[in-house]
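Student: Could we go through this one together, slowly? I'd like to start with the charged side chains and then move on to the strands.

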Amino acid sequence: MLDPQLASQFKQKMSYAAPTGVGVDGELSYGLTRTMIARVEPVDRTRELGRGTRLDTTHRIYTETEIQMDFRLWLPGDSPLDRTLARRPKFILELVDENGDLDHYEIEV
C-alpha cells in the first residue's frame with residue numbers, strides 16, 4: 001500500500017497507452033489511452049551505461065500505475081491525440097515498502 005504522504009503528492013493526471021500488437025510494418029500498435037495520477041518532476045539527467053552508451057532523461061514520474069518499457073506516455077498537459085508528443089520510458093524502478101511489498105514506480109523519460 002502506497003505511503004499516504006507520497007500518495008498525497010500524486011495530483012497530476014497524465015495519459016498512457018499499452019501496446020496491443022505489432023502491425024504489418026513491424027511497429028507496435030497501441031490500445032486505448034488511459035489516464036493515471038502521478039507526480040511529475042523535471043530532471044536533466046545523463047546516465048553512463050557503459051561502452052559509450054548514454055541515457056538522457058528530462059522527467060521523472062512517480063505513480064502507482066504499472067508502466068512497462070514499451071508503453072507510450074504523455075506528460076501532463078500533452079494531448080494523447082498527438083502521437084508525436086508520446087514518450088517512451090527509458091528507466092523504470094519498482095520500489096517496495098518496509099514490508100517488501102510493491103509501493104510505487106519511478107519512471108524516467
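Tutor: Let us begin with a definition: a salt bridge is a side-chain nitrogen of Lys or Arg within 4 Å of a carboxyl oxygen of Asp or Glu. Please keep in mind that this is a predicted model, in which local features need pLDDT of at least 70 and side-chain atom pairs count only at pLDDT 80 or more, while totals for chains, interfaces and linings use all residues. Residues are numbered from 1 along each chain as its sequence is written, and side-chain values use heavy atoms, with hydrogens and water left out.

Student: OK, how many salt bridges does that rule give?

Tutor: The count by this rule is four salt bridges. One of them joins the side chains of Arg-60 and Glu-108, at 3.1 Å from N to O. Arg-60 belongs to strand E5 and Glu-108 to strand E8 (residues 102-108), so this pair ties together parts that are 48 residues apart in sequence. Strands here are DSSP runs of E with at least two residues, numbered from the N terminus.

Student: Is Glu-108 buried or exposed?

Tutor: Glu-108 counts as buried, at 3% relative accessibility, where buried means under 20% relative accessible area, exposed means over 50%, and partly exposed is in between (1.4 Å probe, protein chains only). Arg-60 is buried too, with a relative accessible area of 16%. Salt bridges that share partners join Arg-45, Arg-60 and Glu-108 into one network.

Student: And what does Arg-39 pair with?

Tutor: Arg-39 forms a salt bridge with Glu-41, and their closest N and O atoms are 2.4 Å apart. Arg-39 also lies over the face of Tyr-62, at 5.4 Å from the ring centre; for this, CZ of Arg or NZ of Lys has to be within 6 Å of the ring centre and within 35 degrees of the ring normal. At 26% relative accessibility, Arg-39 counts as partly exposed.

Student: Switching to strands, what order do they take in the open sheet?

Tutor: The open sheet has six strands in the order E6-E1-E4-E5-E8-E7, with antiparallel pairing; two strands pair if DSSP finds at least two bridges between them. E6 and strand E7 (91-96) stand at the edges with a single partner strand each, so one side of each is left without a neighbour in the sheet.

Student: How many bridges join E4 and E5?

Tutor: Strand E4 (residues 34-50) pairs with E5 over nine bridges, in the antiparallel sense, and Glu-48 has Arg-54 in E5 as its bridge partner. The hairpin of E4 and E5 has two residues between the strands, and Arg-51 there takes a positive phi near 55°. On to the next neighbour: E5 and E8 pair antiparallel over four bridges, with Ile-107 in E8 as the bridge partner of Ile-61.

Student: Last topic: how many aromatic pairs turn up in the whole structure?

Tutor: A search of the whole structure finds one aromatic pair. The rings are those of Tyr-16 and Phe-71, which are stacked at 6.1 Å centre to centre with 5° between the planes. Rings of Phe, Tyr and Trp (its six-membered ring) pair if their centres lie within 6.5 Å, and planes under 30 degrees apart count as stacked, over 60 as edge-to-face and the rest as tilted.

Student: Where do those two residues sit?

Tutor: Tyr-16 is in strand E1 (residues 12-17), whereas Phe-71 is in the loop between strand E5 (53-63) and strand E6 (72-74), so the pair ties together parts that are 55 residues apart in sequence. Both Tyr-16 and Phe-71 are buried.
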